[in-house]
Amino acid sequence: MGPDARRQAGELPEVAPFGRRLGGLAIDWIASLLIFNAVVAPLIDVTPLWQSFGPLIVLFVEHLVLVGTAGLTLGHRLLGLRVVPVARPWISPLQAVVRAGLLCLFIPPVVVGSDGRGLHDRAAGTTIVRG
């Protein structure tokens with residue numbers, strides 16, 4: 001049974017609004033910048049390369065760990081969102097890696113399909129819902 005059929009049967013909640021999802025990503029990005037600059041940067045020699053990619057690595061790790069274990073990140077929690085798998089009872093480690101990796105490219109989250117899910121969610125077999 002596909003995601004559209006599961007949604008019509010009431011098994012899968014509606015996809016969260018785009019603005020909330022984008023707001024959650026913005027909160028997570030700000031948190032990643034703060035964590036990198038307050039915790040990681042004092043421990044390493046921050047070159048321009050690290051200044052560019054360090055917060056992105058923190059964002060990747062945050063999403064990988066938090067979505068993979070709790071089904072939400074700090075930004076999701078603050079905006080009342082959660083990540084749910086489409087075809088299984090829990091998010092697998094592979095789904096978490098695919099989702100976090102594509103999220104860091106930034107284009108997949110803002111390119112949405114007809115069902116309202118971002119390309120990163122479609123590739124990972126997940127969706128973001130309210131709740």
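Does Leu 66 count as buried, exposed or partly exposed, and at what relative accessibility? The points below take up this residue after the overall fold.

1. This is a predicted model, in which local features need pLDDT of at least 70 and side-chain atom pairs count only at pLDDT 80 or more, while totals for chains, interfaces and linings use all residues. Residues are numbered from 1 along each chain as its sequence is written, and side-chain values use heavy atoms, with hydrogens and water left out.

2. The protein chain has seven helices and two strands, where helices (H or I, at least four residues) and strands (E, at least two) are DSSP runs numbered from the N terminus. Read from the N terminus, the order of elements is α-α-α-α-β-α-α-α-β. With a radius of gyration of 15 Å, close to the 14 Å that the globule rule gives for 131 residues, the protein chain is as compact as a globular protein of that length; the radius is taken over C-alpha atoms, and the rule is 2.2 Å times the number of residues to the power 0.38. Along the principal axes, the C-alpha atoms fill a box of roughly 55 × 25 × 25 Å.

3. Of the 131 residues, 37% count as buried, a term that means under 20% relative accessible area, with exposed being over 50% and partly exposed in between (1.4 Å probe, protein chains only). Among contacts (heavy atoms within 4.5 Å) with a separation of 6 or more, 63% come from residues 24 or more positions apart.

4. Strand S1 (residues 81–85) is mostly covered, in that four of its five residues are buried. Five bridges join S1 to strand S2 (residues 126–130), and the two run antiparallel; strands are taken to pair if DSSP finds at least two bridges between them. Pro 85 has Thr 126 as its bridge partner in S2.

5. His 120, in helix H7 (residues 119–124), counts as buried because its relative accessibility is 4%. Apart from neighbours within four places in sequence, His 120 is in contact with Arg 99, Leu 102, Leu 103, Pro 108 and Pro 109.

6. Leu 66, to return to the opening question, lies in helix H3 (residues 48–69) and counts as partly exposed, because its relative accessibility is 32%. Leu 66 belongs to a nonpolar surface patch that also includes Leu 43, Ile 44, Trp 50 and Phe 53, and the patch has about 830 Å² of accessible area together. Such areas come from the Shrake-Rupley method with a 1.4 Å probe, and for residues only the protein chains shown count as cover.

How values were computed: Patches are made of residues with over 30% relative accessible area and no salt bridge: like charges are joined within 9 Å, nonpolar side chains (Val, Leu, Ile, Met, Phe, Trp, Tyr) within 5 Å. A salt bridge is a side-chain nitrogen of Lys or Arg within 4 Å of a carboxyl oxygen of Asp or Glu.
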